[in-house]
Amino acid sequence: MEFHPILWLYSLIQWLLDKLLSPTPPPPKAVLGRPRIAVIGAGLTGVSSASHCVGHGFDVTIFEAGDEKSLGGIWSRVNNTSGLQIHSIMYRFHPSIKWSVGYPDRQQIVSQITLLWKRYGLQERTKFNTRVNSARQDLHGLWIINGNPSLGRFDGVIAAVGTCGDPKMPHMPNQEAFKGEIFHSSKLDGKTAAGKDVLIIGGGASAVEALEFVVHTDAASTSVLARSDKWIIPRNAFVDGLLALNIFGQETIFSWIPEALLKKFFYRDLEDLAPDSDGLFTETPMVNSDIFHQIRNHKAEWLRGDIVSFTENGVLFRHRAKGVPKGGPGREIEVKGDMVIMATGYQRPSLAFLPNEVFQEPYQPPRWYLQVFPPEHMSVCCNNCTYVNAIGTVGNYHIGIYTRLLLMFLVDPLARPQEYWMKRWIDMTSFLKSHAPTGAFDFFTYSELMYWFIFCVAINPFRWKWAPFVFLGIGSALPKDIVSEEDHIRNGLGMKRKHHE
């Protein structure tokens, strides 16, 4: 096998991260302690969160609505041609993950999730075919799942249902008249576009998924029919990382600099496809380096406009000029094709199993503490399922940080946030981002997320002892010993330790 020094160095870095930061898996049949956590969802986030909990000695039960084939969440359902668009160095959802390539495909990702699930003995702690319809607290403040105490009583809840549920497949006018094939972008395994003219309806991540398919199966031509222009950034770890360094998490007076650089060096002759009115830091960009290559080789085109109806041989499309808003006037053309791929995304999974009070305005998701903790219930962490748009990654170290913050809140009463101050942080963040073109919590960057974490720990001196644990997953024994001593002092002063709620 040929020696690749960069891959060797990457493997060495991953080995070191595993040795330094991975919590020790519990022995088989281990009896773990409290707090006990209910994890809802066995996708990437659920498995990662659960592995952090048991690795630090806390008991968990994972509830998954599907069967074992659903392990891996959305990655268990997408096409085999799908893969990471960001570099895997930005997709380290657990320190023990070991990638062998920069851009792993769907099967490699599911394999890593499965290995993590088995490594931490989560098979015996996972209940498949158990859909969670309700999570409510009993009189003692413990969480009961589906009103059934036999499923367990839990100190905390991690909702890890993600943002991608069932495929969204809208019916469009005259769709039944189309003579060709129509598929959702997630249902392309076993299909081929070889020699066909393919129409992709929609943009965003689902369009990337469809583009991967048409490139792999050698389509004759591809037309992307998008309602609006979207920022497209290159599949480059350095560039993606730089963009995520915008700590303000919004458009600033300097945003024109990365936008201009992208237009000059990435879009180049295709600058007309870049948005004019919407800034780069307002919506999740597409991460793809193939689409421009396909367009320049006259194998693809990107059309801006609205679907009027299907025809027998394609789609009647109202092609709008740059700057004309959705639904505005344009020239109607028939875009012909043999296959239509509906890149229309997914339904957002519901959080309706949570208590009604967490959805009361103005503190409804995503306007929660650190975006994931509802102020009324700090013992609930909705990890990776409340965000709207971002530049960064959903599969990185923040999963463990959020999980360890929850564990800190549950273990240490002096580090626990109060509802009043959780709401004040939300108000402060909303004020700081009051001039953002989006809502304060509708867009963020990974750097802003790291700032949130640092602020959360730094603002409360009783959390300082937890900093190595929260940020790196090390040293949990020392802060727990300190908490025990603090409890002795509090008890000696006649101060009873209050329950976490």
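Visitor: Which residues in H9 meet Tyr451, Trp452 and Phe455 in H10?
Guide: The model is predicted. H9 covers residues 419-432 and H10 covers residues 446-458. On the H10 side, the contact is made by Tyr451, Trp452 and Phe455. Their partners in H9 are Trp425, Met428, Thr429 and Leu432.

Visitor: How do the residues of the contact of H9 with H10 divide into nonpolar, polar and charged?
Guide: Thr429 is in the contact from H9, and Thr counts as polar. The division is six nonpolar, one polar and no charged.

Visitor: Is H9 roughly parallel or oblique to H10?
Guide: The axes of H9 and H10 come within 13 Å and cross at roughly 140 degrees. Roughly antiparallel needs an angle over 145. The crossing is right-handed. The angle therefore makes H9, relative to H10, oblique.

Visitor: At roughly what angle do the axes of H2 and H8 cross?
Guide: H2 spans residues 44-55, and H8 spans residues 398-411. Their axes come within 9 Å. The crossing angle is roughly 50 degrees.

Visitor: Why is H2 oblique to H8?
Guide: Roughly parallel needs an angle under 35 degrees, and roughly perpendicular takes 65 to 115. H2 and H8 cross at roughly 50 degrees. H2 is oblique to H8 because of that angle, roughly 50 degrees.

Visitor: Is the crossing of H2 and H8 left-handed or right-handed?
Guide: The two helices meet through residues including Ser48 and His52 in H2, with Thr403 and Leu407 among those in H8. Their crossing is right-handed.

Visitor: How many residues of the contact of H2 with H8 are charged?
Guide: Arg404 in H8 takes part, and Arg counts as charged. The contact also holds four nonpolar and six polar residues. The charged count is one.

Terms used
Residues are numbered from 1 along each chain as its sequence is written. This is a predicted model: local features need pLDDT of at least 70, side-chain atom pairs count only at pLDDT 80 or more; totals for chains, interfaces and linings use all residues. Side-chain values use heavy atoms; hydrogens and water are left out. Axes are lines fitted to C-alpha atoms, for helices over the stretch in contact, and angles run from 0 to 180 degrees between N-to-C directions. Helices (H or I, at least four residues) and strands (E, at least two) are DSSP runs, numbered from the N terminus. A crossing is left-handed if the near helix is turned anticlockwise from the far one by less than a right angle, and right-handed if clockwise. Contact means heavy atoms within 4.5 Å.
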